[in-house]
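Please read the points below with the model open beside them.

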Amino acid sequence: MMKQIKSVDELIKLKEAALNKIKERQIGNKTTIVVNMGTCGIAAGARDVMMAIIDEISKRNISDVIITQAGCAGMCEHEPMLEVIKPGMPQVIYGHLDKEKARRIVIEHVINSKVVGECALVQQA
Amino acid sequence: MPMVTLTIDGKEVQVEQGTTVLEAAKKVNINIPTLCYLKDINVIGACRVCVVEVKGARTLQAACVTPAAENMVVLTNTPAVRNSRRMTLELILSNHPFECLTCVRNQNCELQSLAEAFGIREVRYTGANPEHKEDNSSVSLVRDPDKCILCRRCVSVCEKVQTVCAIGPQGRGFETVIAPGVDMVLAESNCVNCSQCVLVCPTGALCERDQTEQVWAALADPKKHVVVQTAPAVRVSIGEMFGKEPGSVATGQMVAAIRKLGFDKVFDTDFTADLTIMEEGSELLERVKTGGTLPLITSCSPGWIKFIEHFYPTLLPHVSTCKSPQQMFGALAKTFYAEKAGVDPADVFSVSIMPCTAKKFEAQRPEMNASGYQDVDVVLTTRELGRMFKQAGIDFNELPEENYDDPLGISTGAAVIFGATGGVMEAALRTVYEIVTGNTLASVDFVDVRGLEGVKEATVKVGDLDVKVAVAHGLGNARKLLDALQAGEANYHFIEIMCCPGGCIGGGGQPIPTNYEIRQKRINGIYTADEAMTLRKSHENPAIQQLYKEYLEKPLGHKSHELLHTKYTPRGQFKVD
Amino acid sequence: MHYYRSHVLVCAGSTCVTSGCRAVKETILEGIKSHQLEEEIKVVETGCMGFCELGPLVVVYPEGVMYCRVKAEDAAVIVNEHLLKGRIVKQLLYQDPNTRKPVPLVKDLHFLSKQTKIAMRNAGLINPKDIEEYIAGEGYFALAKVLSSMSPEEVIIEIKKSGLRGRGGAGFLTGLKWEFTAKAQGTQKYVVCNGDEGVPGVFMDRSILEGDPHSVIEAMAVAGYAIGADQGYVYVRAEYPLAVEKLRHAINQACEYGLLGENILGSGFNFDVNIRVGAGAFVCGEETALLASIEGRRGEPRPRPPFPANEGLWGKPTLINNVETFSSIPPIILKGGEWYASMGTEKSKGTKVFALTGKVNNTGLIEIPMGIPLEEIIFDIGGGIPDDKKLKAVQTGGPTGGFIPAEHVNVNMDYESLDELGTQIGSGSLTVLDEDTCVVDLVKFFVEFCQEESCGKCAPCRIGTKRMLEILERITRGEGKVEDIEALEKLCNYIKNTALCGLGQAAPNPVLSMLRYFRPELEAHVRDKHYPASVCAFPFDSPCQNTVEGGVR
């Protein structure tokens, strides 16, 4: 019986692990990554960018990030694009992305709170 | 037991904790009216007639189920209480056929009595009533659910006292009807025909199957030679139908009254009761000697016989093969007696008067035709006999006493005690003791097997043998012995089982009411009758001795087996299509 | 742990199932597959979300956008537009009937934002078939807390502090009931959960059992610890097969995880839960009838005393509480009785789930602190009466409750205030009536219900409800006599005062309430053969009779 919870401590540990399962439904003080998924974005490779971000976040077991999509932002020549909204930091719109750049954004901006200057298009305080 | 003090209608009364308000009120002579209440058997607070005001309670409380509490203040006769009881009665009446004049319980009905006491003159709330079919399937009793007030007494008796559970509430709410389950009629069910339900029914919803017309017809038929036998229990209860105290021994007047009805011969079941002791006593000794199936169990109670056929068929080998006294009589009446009287057995019409409705079923069992004809033609209950006397205009209490006819009217005290629980056992012991030891008993009274305790045990030294006996009355108590027997824990030689509480004096054909106190009084009457007789041991009955000499030869002989012994029918418990 | 960027919650409560949510879910799954989004998007079936009027419901997280009345075709659009491209599908959003503007986010719905969800905290938000989702929200933490750091007496003190009262209808102080059962003599005791929910129009117990069965299981185990019982039974009405299925699954999972069974969390405490299914009798919601039913006997009430706390199931001390009552227990243990008592009124603490139905825009389940004015429930949370009709009354408590007429619509919703008006909180049924509802016809319907459900044991209810119904039927058929009203009132007071159990005692309530607040309408039926709401009788009076002077037919 692998699943048997034998003590209060084990219950607490299971809860922490289980929180990951439903964290997406909880509204809180989280970092939001908005990936543009308009037709132009998808044509330029936004889906690959999305998958890379998801993968990086999964790998690192980050629990307080929300990923949503938005439609076309009207800056189609800069696609694939995304915006990072992290509490305590300026909102940054990134463009001309690919899988590696996407991963860098996760590591440097989302986790280490450093804007990735070379990909950043717009910064809003 | 801690005591509690409460006030009822301003009177203080102290009772043991656990006593109900109803019982507490009785102690201060307040008789709160009841309808569904039946002491110890049906205490469910269903009819709401016994409601009382209890200070602090939100609603009226049913006195029969409300435990007395310290400092409780009860009012039993306020306008609200009377109004509520009245409404309850009106509603019950609105749901009841107005057939009092043609009802079997006319003048002896609890609903009628309450309506009278409350001065009900109109029923304000009338409406639809469910229509139920009368159940005439059983030869012993009739169900008329239209008259049922759903008090549940019959269900409680059948379930708790008799442990048969033949009937119960079916359907729900307004459509509820008390019936056997699965759309069965009584004849298809496990009903053992004991009519304990009839005894407790407050109305005419349950009653015996009345066969008096058949007897009137036979009596009026010049071709028929009508003979009658009377059970021991009838003589100490028939008087109740004419105002006598329960237990009054009215044998002589009963014989006179029966003779007045026009029977050709008035005989006594007690005669064949003595005969039964001869046959059964011999059977017991035979089984003891040859290592036969023991314990031997008595077989004269047909309700008991149907019970074991349904519920414990594997134990049938224990039951004595002796017929009941009624059936032994029936067989002899159309053979031995007919011969002696020079009457064609085809013209003999054999009637029996019994405290019992299961006897009606017994009489028409297919194997009960040893004479070549149905041995007993009609069985009438004590109640039916009483009605016949009334119809004939007989002034029962003024009759001079008369005696039974010979030879089937001679009996001993051992026979009359058949009517009480423990009586068959005691009668058997009186004979077995003297036959085995060859000595005369110092006292014929075996008091250990007497009385209303559910299961009685005794050990009687008969020569070298310690004869262990047990007696049970009421099928719930019978079950205790049978379960012990099945578990291998019943080390008895002989068991007496009577279907009805108290024995035959408490039978389903007896006058209504029949309650604990009345059963006790009838039992006292039985032993009074026994003590008054000159002969008190079955083997001393000269007519029985003559019967063996002339006709049967010996107990368990060939003729006996032909006429006086029977076999049983294992029956299932559930309706099988 | 696999990271999904989006969770799509599909409400799978019984109502949405009947409205076709299974097809919606299938379509969403198909769409996700065809767009190869399986690694990103998780589809979760939850229990009842509470806004049954708007089902089938789909909520997309992390945004928290709610789509209502979703059909299978709409589901395809949701996948293509929202899940793939992030574009909200405007035509499927909820539209506020007063502002007529769409309200995309679940958290902004008045219906939701005004609620304080305690008993319903998880229903509609988690997958009831996944115990870990329950645990993620501190599920079984209350049980862990009591087993590791509280004595049974301390648990009872906490429940008493909370002021929680039985939510099934009787409103008896829960802490007190636990105390009586704990003090009762005997080594074998039982915990029973009453999931019979027979009152027509209420479905919170169903939603909790379907959507959050673990909250009930956990609470029963906590109760078992407090009173000294090691065996629990949940009695669920047979008409709730989904609830039975979810409960069975949850019990099995809890056993698998060692949260039921022997030596729970290493504490030495044992507790098991079994399910018993009913057989179609409203009366089996009455506690002694329910116990008889579990014992295999005919479901009929019996007189009390003795009370189940002392002599219950098989004669043993038994604690019986309602589903909603149990569901409120874990938060009380975790946050403390005082926290719960800080909500509500002086005598009616905490929150209550109401089933808002009838002539109101937003029908469904709402959980609010006790004491909120009825007005706010109807017009704010409920979104008001459709078609601009006038409020006539609100019927509370179901077939054994009464009316709150429009003039009392500012009454505070607590036990005492409603008792004063001659009705009850009861199980929480709130049926809104407008000017087109015939009160007499509605009362007849309620009496018919009680009459059919009467067990038949006692004469006042068995025969009395039948005679009550016959009088009402005559009246609604146009054959009422003037004497009928007085006769009816006398009959009602008699039944209320004399019946054996709560069903009979409360069956006359709708009639008595009608006599108190709508006597003129009843008199119109009887005396004038005039049917103000134009519902009853034959010949049928035309609706214009209401507006035209002189009553033109």
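1. Charges. Lys and Arg are counted as positive, Asp and Glu as negative, while His and the chain ends are left out. Each charge is placed at NZ of Lys, CZ of Arg, CG of Asp or CD of Glu. On that basis chain A has 17 positive and 15 negative charges, and their mean positions are 7 Å apart.

2. Conventions. The model is predicted: local features need pLDDT of at least 70 and side-chain atom pairs pLDDT 80 or more, whereas totals for chains, interfaces and linings use all residues. Residues are numbered from 1 along each chain as its sequence is written, chains are lettered from A and ligands numbered from 1 in the order in which they are written, and side-chain values use heavy atoms, without hydrogens or water.

3. Fold of chain A. Chain A has four helices and five strands, in the order α-β-α-α-β-β-β-α-β. These are DSSP runs, numbered from the N terminus (helices H or I, at least four residues; strands E, at least two). The C-alpha atoms of chain A fill a box of roughly 55 × 30 × 25 Å along the principal axes.

4. Burial and surface of chain A. Of its 125 residues, 47% are buried (under 20% relative accessible area, 1.4 Å probe, protein chains only). Chain A exposes about 6100 Å², with 53% supplied by carbon and sulfur atoms; the areas come from the Shrake-Rupley method with a 1.4 Å probe.

5. Contacts. A contact means heavy atoms within 4.5 Å. Within chain A, 64% of the contacts between residues at least 6 apart in sequence join residues at least 24 apart. Two pairs of chains are in contact, and chains A and C share the most contacts. Chains A and B have no contact, and their closest C-alpha atoms lie 43 Å apart.

6. Interface of chains B and C. About 2700 Å² is buried between chain B and chain C, 54% of it from carbon and sulfur atoms. Buried area is the accessible area (1.4 Å probe) lost when two parts are put together, summed over both. B:Tyr125, B:Arg172 and B:Phe174 supply 25% of what chain B buries against chain C, more than any other three residues.

7. Cores. A nonpolar core joins buried Ala, Val, Leu, Ile, Met, Phe, Trp, Tyr and Cys residues through side-chain atoms within 4.5 Å. The largest has 218 residues, and C:Ile28 and C:Trp178 touch the most other members. Helix H10 of chain C (residues 213–227) gives the largest share, 10 residues. Apart from this core lies another, of 45 residues, including B:Leu150 and B:Phe311.

Conventions:
Buried means under 20% relative accessible area, exposed over 50%, partly exposed in between (1.4 Å probe, protein chains only).
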